[in-house]
Amino acid sequence: LRRQRQMCIRDSYMLLGQYRESLKYYKKYVERLEASGDIDLRNMQRVGYVYWQNGYKEEAEYYFNKQLEYCYRVIELGRYGQNFNAFYDLAGIYAFRGERDKAIENLKKFNQRKWMDFFMARLIKQDPLFNSIRNDPEFLEIVRDIERKYQSEHERVRKWLEENNML
């Protein structure tokens, strides 16, 4: 529970643009990972982004590159459930670095998921890593498609709950 709370705090500060505060929590996160020997490379692009926003470009590149390595490894191993999120994470890094075509290509792969959950439908609209392509027509179409998939899944679950007298 404590970890979840700290994750919410660090991500909230990041999304609010309060990068100094966010960096404090991301540093603690990385220290905890290193101390425990845990490997959690699913958020290294966020660590990199916050370091970048605080002027630590070299550290930021280190974390971006760690995330890229992790994503490509997940895809190479064919880990189905993680594959789609790996494409999302790759797209975020490429968008942040100004590599629009690679960002869109990976978002299209991410969007091959048959359904989307609320978290992803919301995150893509707020994720600061996508600021460079936020108004790009292809990006906006992908966002609309993700929202449609979320709404469709939401409706399917609602109907199921009603049919089973759970609503």
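**View 1. The side chains of aspartate 127 and tyrosine 88 are joined by a polar contact of 2.8 Å.** A polar contact is a pair of N or O atoms within 3.5 Å, where within protein one must be able to donate a hydrogen and the other to accept it, and where residues adjacent in sequence count only if both atoms are side-chain atoms. This is a predicted model, in which local features need pLDDT of at least 70 and side-chain atom pairs count only at pLDDT 80 or more, whereas totals for chains, interfaces and linings use all residues. Residues are numbered from 1 along each chain as its sequence is written, and side-chain values use heavy atoms, with hydrogens and water left out. Aspartate 127 lies in the loop between helix H7 (118-126) and helix H8 (137-163); helices are DSSP runs (H or I, at least four residues) numbered from the N terminus. Aspartate 127 counts as buried because its relative accessibility is 0%, where buried means under 20% relative accessible area, exposed over 50% and partly exposed in between (1.4 Å probe, protein chains only). Leaving aside neighbours within four places in sequence, aspartate 127 is in contact with Arg46, Tyr88 and Arg134, contact meaning heavy atoms within 4.5 Å. From aspartate 127 to glycine 92 the C-alpha to C-alpha distance is 8.1 Å, although 35 residues separate the two in sequence.

**View 2. Helix H3 (residues 44-53) packs with helix H4 (residues 57-77) at an angle of about 165°, their axes being 7 Å apart.** Axes are lines fitted to C-alpha atoms, for helices over the stretch in contact, and angles run from 0 to 180 degrees between N-to-C directions. H3 and H4 are therefore roughly antiparallel to each other, on a scale that counts angles under 35 degrees as roughly parallel, over 145 as roughly antiparallel, 65 to 115 as roughly perpendicular and the rest as oblique. The crossing of H3 past H4 is left-handed, that is, the near helix is turned anticlockwise from the far one by less than a right angle. On the H3 side the contact involves Met44, Gln45, Val47, Gly48, Tyr49, Tyr51 and Trp52, which meet Lys57, Glu59, Ala60, Glu61, Tyr63, Phe64, Lys66 and Gln67 in H4. The residues of this contact divide into eight nonpolar, three polar and four charged, with Ala, Val, Leu, Ile, Met, Phe, Trp, Tyr, Cys and Pro counted as nonpolar, Asp, Glu, Lys and Arg as charged, and the others, Gly among them, as polar.

**View 3. The axes of H2 and H3 cross at roughly 135° and come within 9 Å.** H2 and H3 are therefore oblique to each other, and H2 passes H3 in a left-handed crossing. Among the residues that make the contact are Tyr19, Ser22, Leu23 and Tyr26 of H2 and Met44, Arg46, Val47 and Val50 of H3. The residues of the contact of H2 with H3 divide into eleven nonpolar, two polar and two charged. Eight of the ten residues of H3 are buried, so H3 is largely enclosed by the rest of the structure.

**View 4. Serine 22 is found in helix H2 (residues 19-36), and tyrosine 25 lies in helix H2.** Serine 22 counts as buried, at 0% relative accessibility, whereas tyrosine 25 is partly exposed, with a relative accessible area of 21%. Leaving aside neighbours within four places in sequence, serine 22 is in contact with Arg10, Tyr13, Met14 and Val50, and tyrosine 25 with Ile9, Arg10 and Tyr13.

Conventions: Helices (H or I, at least four residues) and strands (E, at least two) are DSSP runs, numbered from the N terminus.
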